[in-house]
Amino acid sequence: MLENVLKTIAERSEAEKQEILLAKEFDLKKLEGEFKKDLQVKKTRQEALLKKNTELEIQEVLKKKELSTRFILEKKKKELIDSVYQAVKNKIFESNDKDFTSLIEFFLENTPKQGGVFRAGKRTSEILKKKGCIVKEIVKQEGFVFESEKLDIDCTLEQFILRQIECFDPKIIEILFE
């Protein structure tokens, strides 16, 4: 009888042990499933975040490239416009005596010829002297600067061209690039 009691106890212990092992195995599988599910959720979130960051980086690179391209385009436009103005300057500086004289006479029309002195380029000074103007100094820039106690008038060719650029620049840009 004692053997039967021990056997029954051993069987019950084994049965309880099996139940506990099955419960633990069930809990373990449940935890493993939850872990895999959490891992998948985290992986999906991480992939979405990585995709979003990658898209943002791509957009940033594209914006930088667009700005760089615009900068280069604006630089090329400026170079083209500068070359147009340089061609104009060269044409004026290399113009024949008749055209050059006409330009200087045009400048003189609204300039007082007395009450002051002129600083002028070499070619310009010859024209001014023929017109009876007093040339105080010969300078490198063609055209002239009229100086008096009350005012100075800058009619150098460089200044004339700069004024023309200010006046015609928008029109030239529109013609060239619109």
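1. Basis of the note. This is a predicted model, in which local features need pLDDT of at least 70, side-chain atom pairs count only at pLDDT 80 or more, and totals for chains, interfaces and linings use all residues. Residues are numbered from 1 along each chain as its sequence is written, and side-chain values use heavy atoms, with hydrogens and water left out.

2. Secondary structure. The chain contains 4 helices and 4 strands; here helices (H or I, at least four residues) and strands (E, at least two) are DSSP runs, numbered from the N terminus. In sequence order they give the pattern α-α-β-α-β-β-β-α.

3. Overall shape. The C-alpha trace spans about 150 × 35 × 20 Å along its principal axes. The radius of gyration of the chain is 46 Å, whereas a compact globule of 178 residues would have one near 16 Å. This radius is taken over C-alpha atoms, and the globule rule is 2.2 Å times the number of residues to the power 0.38.

4. Surface and burial. Of the 178 residues, 19% count as buried. Buried means under 20% relative accessible area, exposed over 50%, and partly exposed in between (1.4 Å probe, protein chains only).

5. The nonpolar core. Such a core is a set of buried Ala, Val, Leu, Ile, Met, Phe, Trp, Tyr and Cys residues joined through side-chain atoms within 4.5 Å. The largest one has 21 residues, and those with the most contacts inside it are Ile104, Phe107, Leu108, Phe118, Leu128 and Phe144. At least two residues each come from helix H1 (2-93), H2, E1, H3, E3 and helix H4 (157-177), while H2 provides the largest share, 5 residues. Leaving aside residues up to four places away in sequence, Phe107 touches Phe144, Cys155, Leu157 and Phe160, where contact means heavy atoms within 4.5 Å.

6. In H3 (residues 122-130), the buried residues are Thr124, Ser125, Ile127 and Leu128. Seen down the axis of H3, these residues fall within an arc of 165°, so they line one face of the helix; the arc is that of the directions from the helix axis to the C-beta atoms. An α-helix has 3.6 residues a turn, so residues three or four places apart point the same way. On the other side of H3, Lys122, Lys129 and Lys130 are exposed.

7. Ser125, for instance, has a relative accessible area of 2% and touches Ala120, Val135 and Ile138, not counting residues up to four places away in sequence. After H3 comes Gly132, whose phi is positive, near 85°.

8. The cysteines. How many disulfides are there? The count is 0, a disulfide being a pair of cysteine sulfur atoms within 2.5 Å. The sulfur of Cys133 lies 11 Å from the closest cysteine sulfur, in Cys155, which is too far for a bond. Cys133 is buried, at 7% relative accessible area, and Cys155 is also buried, at 7%.
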